Amino acid sequence: MVGDPPPTLAVLLAHPAGHSLSPAMHGAAFAAAGIAGRYEAWDVAPEALPAALERLRQSPTLLGANVTVPHKETVLRLLDALTPEAERLGAVNTIVRRDDRLLGHNTDAIGLAAALAGLARPPGPGRAVVLGAGGAARAAVAVLLQAGCSVRVHNRTHPRAEALAAAMRHVGTVVAIGAEALREAIAEADWLVNTTSVGMHGGPPGSPVPEGVLPASGAVIDLVYRPRPTPLLAAAAAAGLETQDGVAMLVHQGAASFTAWTGREAPLAAMFGAVERALSAATA
Ligand code: NAP
């Protein structure tokens, strides 16, 4: 008897989908793990998301999907179940297909935690400043609070920073700060994490902090990974501070997706290599 073909396909649901590094990263992961898998980027407009989800549910060859802008929150109500992490963060970046059920995961926090663990001084008791109050900021605040940091959140739209701080206060010490308190908070910070899109290729230009405003001795982390370095990380490196860009988080969140789909440890070196090559090719 001929059964369903084995699951070999993973897809990205995004809009637009053209500039994603995920196809290169996951293609390399499948190859290194000896899985005859394919990873396709699907450009799905918001109104087409329900139909795309139904297509995934009906695809016996599907391992799962990644979800990114603008679907990370709207996809929640279209799934059959959520992990506690996805529920807590209110966003899904990974879907796992089990039989014809679609399960929503969020690997952003675990990916960022793994990336920050690679710093010379990983987050622990101390002071952190998070710039931004969107989806990535939520994951960053959760990770830093769980590590024992006290966190100050600053955002262009201050009420969003206040709402984020209020939502995370049950995890640890977190307050929203306005522009007037930013310089001092950053100067004292052990970890400064930019989660805004400022400085991103094709996004708002420049640095998310005023010129000359940097931690006195802490590490500076920018979740943006294009360009390399970002204006913020260039300034931090010039000041002699430790820096980390968004590549480490990108690869570690992708590795957690790979494990959720396949049940196997992700081939991290192959994934880092593919992302580095794709970024170099894009700037060559
Ligand atoms: P999001 O939910 O849309 O949030 C965007 C944030 O950027 C908001 O806080 C927004 O402030 C702020 N912002 C946008 N334009 C700004 C401007 N001109 N000046 C000041 N602040 C501005 O996006 P997200 O999903 O959190 O992603 C944010 C960034 O993180 C993106 O660059 C994304 O590529 C990156 N990211 C990286 C990884 C990784 O694996 N490395 C993972 C996730 C996200 P307002 O609230 O005022 O609009």
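**The ligand and its surroundings**

Modeller: A nitrogen atom of the ligand lies 2.9 Å from a polar backbone atom of G246, a polar contact being a pair of N or O atoms within 3.5 Å, where within protein one must be able to donate a hydrogen and the other to accept it, and residues adjacent in sequence count only if both atoms are side-chain atoms. Taken alone, the ligand exposes 920 Å², of which the protein buries 76%, with accessible areas from the Shrake-Rupley method and a 1.4 Å probe, and only the protein chains shown counting as cover for residues. Two elements, α5 (135-146) and α9 (247-262), each give two or more residues to the shell around the ligand; helices (H or I, at least four residues) and strands (E, at least two) are DSSP runs numbered from the N terminus.

This is a predicted model, in which local features need pLDDT of at least 70 and side-chain atom pairs count only at pLDDT 80 or more, while totals for chains, interfaces and linings use all residues. Residues are numbered from 1 along each chain as its sequence is written, and side-chain values use heavy atoms, with hydrogens and water left out.

The ligand is surrounded by 21 residues, the closest being A136, N155, R156, T157 and R160, where near means that a heavy atom of the residue lies within 4 Å. A backbone N or O atom of A136 is 2.8 Å from an oxygen atom of the ligand, and a polar backbone atom of S197 is 3.4 Å from a ligand oxygen atom.

Turning to the sheets, one is open, with 6 strands in the order β9-β8-β7-β10-β11-β12 and parallel pairing, two strands being paired if DSSP finds at least two bridges between them. Because β9 (174-176) and β12 (243-244) stand at its edges with a single partner strand each, one side of each is left without a neighbour in the sheet. Within this sheet, 6 bridges join β7 (residues 126-131) to β8 (residues 149-154), and R127 stands opposite S150 in β8.

Helix α5 lies across β7, β8, β9 and β10 (191-194), running at about 160 degrees to β8; contact here means heavy atoms within 4.5 Å, and axes are lines fitted to C-alpha atoms, for helices over the stretch in contact, with angles from 0 to 180 degrees between N-to-C directions. Helix α9, in turn, lies across β1, β2, β3, β5 and β6, at about 10 degrees to β5, and these strands belong to an open sheet of 6 strands with the order β2-β1-β3-β5-β6-β4 and mixed pairing.
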